[in-house]
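My notes follow the structure below.

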Amino acid sequence: MQKDNDSGGPSTHGGLTGRLRRRRGSNEVPSEVDKANGSHLLVDDRNKYKSMLIRIYSSVWMIGGFAFIIYMGHLYIWAMVVVIQIFMARELFNLLRRSHEDRRLPGFRLLNWHFFFTAMLFVYGRILNQRLANTVTSDKFLHKLVTGFIKYHMVTCYFLYIAGFMWFILTLKKKMYKYQFGQYAWTHMILIVVFTQSSFTVANIFEGIFWFLLPASLIVINDIAAYFFGFFLGRTPLIKISPKKTWEGFIGASFATIVSAFVLANILGRFQWLTCPRKDLSTGWLHCDPGPLFKPYYFTVPQWFPQWFPWREISVLPVQWHAVALGLFSSIIAPFGGFFASGFKRAFKIKDFGDSIPGHGGITDRMDCQMVMAVFAYIYHQSFIVSQSVSIEAIMDQILMNLTFEEQRALFMKLEKIIQERQFGES
Amino acid sequence: MQKSKSPPLPSTPTGRIRHRRRWHSHEVVPDVSKLNGSLLLVNDQNKYRSMRIRTFSSLWMLGSVILILYLGHLYICAMVVVIQIFMASELFHLLRRAHEDKRLPGFKFINWHFFFTAMLYVYGRILSQQLVNTVTSDKFFYKLLSGLIKYQMVICYFAYIAGMMWFILSLKKKMYKYQFGQYAWTHMILIVVFVQSSFTVANIFEGIFWFLLPASLIAVNDVVAYFCGFFFGKTPLIKLSPKKTREGFIGASVATILSAFLLANILGRFQWLTCPRKDLSTGWLQCDPGPLFKPEYYPLPAWIPQWFPWKEISVLPVQWHALCLGLFASIIAPFGGFFASGFKRAFKIKDFGDIIPGHGGFTDRMDCQMVMAIFAYIYHQSFIIPQTNTVEMILDQIIRNLSFEDQEVLYLKLGQIFQ
């Protein structure tokens, strides 16, 4: 986790210069602008219109691609999340590597990817094991295979991890210990950051695309609104770590986010494609009863509203109130993810995490607030939307892991009989 | 994660480097190991003195562990928590730099904030069922506890977010790198300390046997490796730990596997050790230990001589599982020790702490235990529970633990598998 702590002059280690040089604005280097007047506010930046155009262009492309994937469905969204993960991990792995040491440690980079794939196997195995079981019920052989996989999933992942651990210890080279341990810790931190949020995102997706789309859109709206409010009205700096953020941008964006949370939840909640949970790994169309959260109730506009207001009744979905809570979080707390990333970049003297997206930087730069939001959305959903206790999951896990298909069926029959007897007894 | 790179002069601010000399009682014998250039224990003239100190402190540790085992599950958990706190405290201090710390008042409280958040989260998840079972009598506490458990994740998440926001708001110019390094270091410590201790506690409530056996195997492995190395050690094992020898390693492996087989037999006869604890009470336990602990009798083959007193040996099926645990304890768990050695070399520290005379700090004792505890938990979940968990037992759990609505939800979820 070390980076040379000399100043970012162009003569330091050649392998790092790509990161240190400024990358704002297409390919020009507007060096004098912010140093001349000593302030970094966007309002004073003369090349701001050019950079804005580039950002808008790449944003439009990202939003378009994103909308297309949403249309394609849950499995494709999952694939998109995995691809984003791989790119983020690669950016972050590359970030604090020192090319000088790396030449003396052949094969050390493979260790990172070994841990990456172990983490992927572990995380997605846990989240999707029930849906995987639901998908292969028809085929006996596949079902046995899947049951075996679920049963020994934890052991497999553990031994893969231990193999990586032993490989690490056996490759420790004298005089490189500190670098290697630093890289090991760094790898673990990256994988935790990347996988926690993406696993929660995927869990949310299979509960209904709505619970993935709404939080993600709120963060995007917050970012865009903060950018434009700062562009036109920004005067007072918000926090020392991110000098380009302003109080006007922050407050305007908060207001816009909460209002759009309320409205967006209404619009999105009308589509069954977005609100129905996916119980297996198929890709077809979905029909379901969306549940009480998505059934509109009608709210008559009070008398004191002016006559020209066109609607006398407003239909409100109960989920809109939850959306307001999500909006509140995304406007007030999620920006701290951005501050964390900014502080991190300052600490290690890097401009951007990567350069895949023109005008924005790398994928990690775009995902920093999304990560905090995804974790919150999952936890909010588990605690307040789905009133499911931990015990049901634990017992379901046990059933899936410990019983064979015939035993599961036997359990099902017995449970059915017990429930029917109880209902019969009550009636 | 950096440490000042100056050589170990007595004028350095950190007292840790001075501990280089601490493995002789209080004398400083500088030249023995450096003179002949080898560090093997066989050549060490003060080895008998250090052996006595280690034996003395080992006996004390053993005695207190036995006392706590006698007292029960809850006290063992308390012991685990205390060990955790000491380990975390040692590790938090390890890579702190006194100079920077003076300019960041209150920064070390962030560490403890994250520590208590992690403790709340981990023990809340593991002990939720046991807690609920303990307070079923009192309506008010039951409601309170069920509410807390339901919202446990949110509470812990907001506590974590509060810590993160506190961290971000306390970032000081020119100290960013140090602060981020400390933040990452805190996370790594907490993960290392809590994963293994949470698995240990989960194992304890499944039956003290599943905590005692792995821990004893590691202790046996360590002790036998020490004595085999003491008397026979010649060939170095790995560059990272120059005092370890192949003779010690092989002797310890054989001894560990054998003692796994025997210990499982001895320990498996006590209901206090084999029964799971369903709630947080401290009374005596009675249960049906299950098929794993019922002895099977094997007649000894005919060529065993007449004077041999036993005609048939009783083998508990759990002894075969113990063999696997022994195999792991002798071959893979030592890598935990190598990792700790490599880490100490990388950061030029002698020991993680100095609480235990002759051994170092708690982390020095627990380094192999940590790897073993995780394996024991995973082994137990993957191979032991499926053997003992039948349809009847799961059905019993469903009826006992879930409310009527929950049972119906479970029924619906199960039904989806069969469509």
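I started with B:Cys275, which counts as buried because its relative accessibility is 0%; buried means under 20% relative accessible area, exposed over 50%, and partly exposed in between, with a 1.4 Å probe and protein chains only. The model is predicted, so local features need pLDDT of at least 70 and side-chain atom pairs count only at pLDDT 80 or more, while totals for chains, interfaces and linings use all residues. Residues are numbered from 1 along each chain as its sequence is written, chains are lettered from A and ligands numbered from 1 in the order in which they are written, and side-chain values use heavy atoms, leaving out hydrogens and water.

Next I looked up the partner. B:Cys275 forms a disulfide with B:Cys287, S to S 1.8 Å (a disulfide is a pair of cysteine sulfur atoms within 2.5 Å). I noted a torsion of about -90° about this S-S bond, so the disulfide is left-handed. B:Cys287 is partly exposed, at 24% relative accessibility.

How many disulfides does a search of the whole structure find? I found two over all chains. In chain A, A:Cys276 is joined to A:Cys288, S to S 1.9 Å. The torsion there is about -90°, so this disulfide is left-handed. A:Cys276 is buried at 0% relative accessibility, and A:Cys288 is partly exposed at 25%.

I then checked two further cysteines. B:Cys156 is buried at 5% relative accessibility; its sulfur lies 17 Å from the closest cysteine sulfur, in B:Cys77, too far for a bond. B:Cys324 is in no disulfide, and the nearest cysteine sulfur, in A:Cys157, is 19 Å away. I logged B:Cys324 as partly exposed, at 36% relative accessible area.
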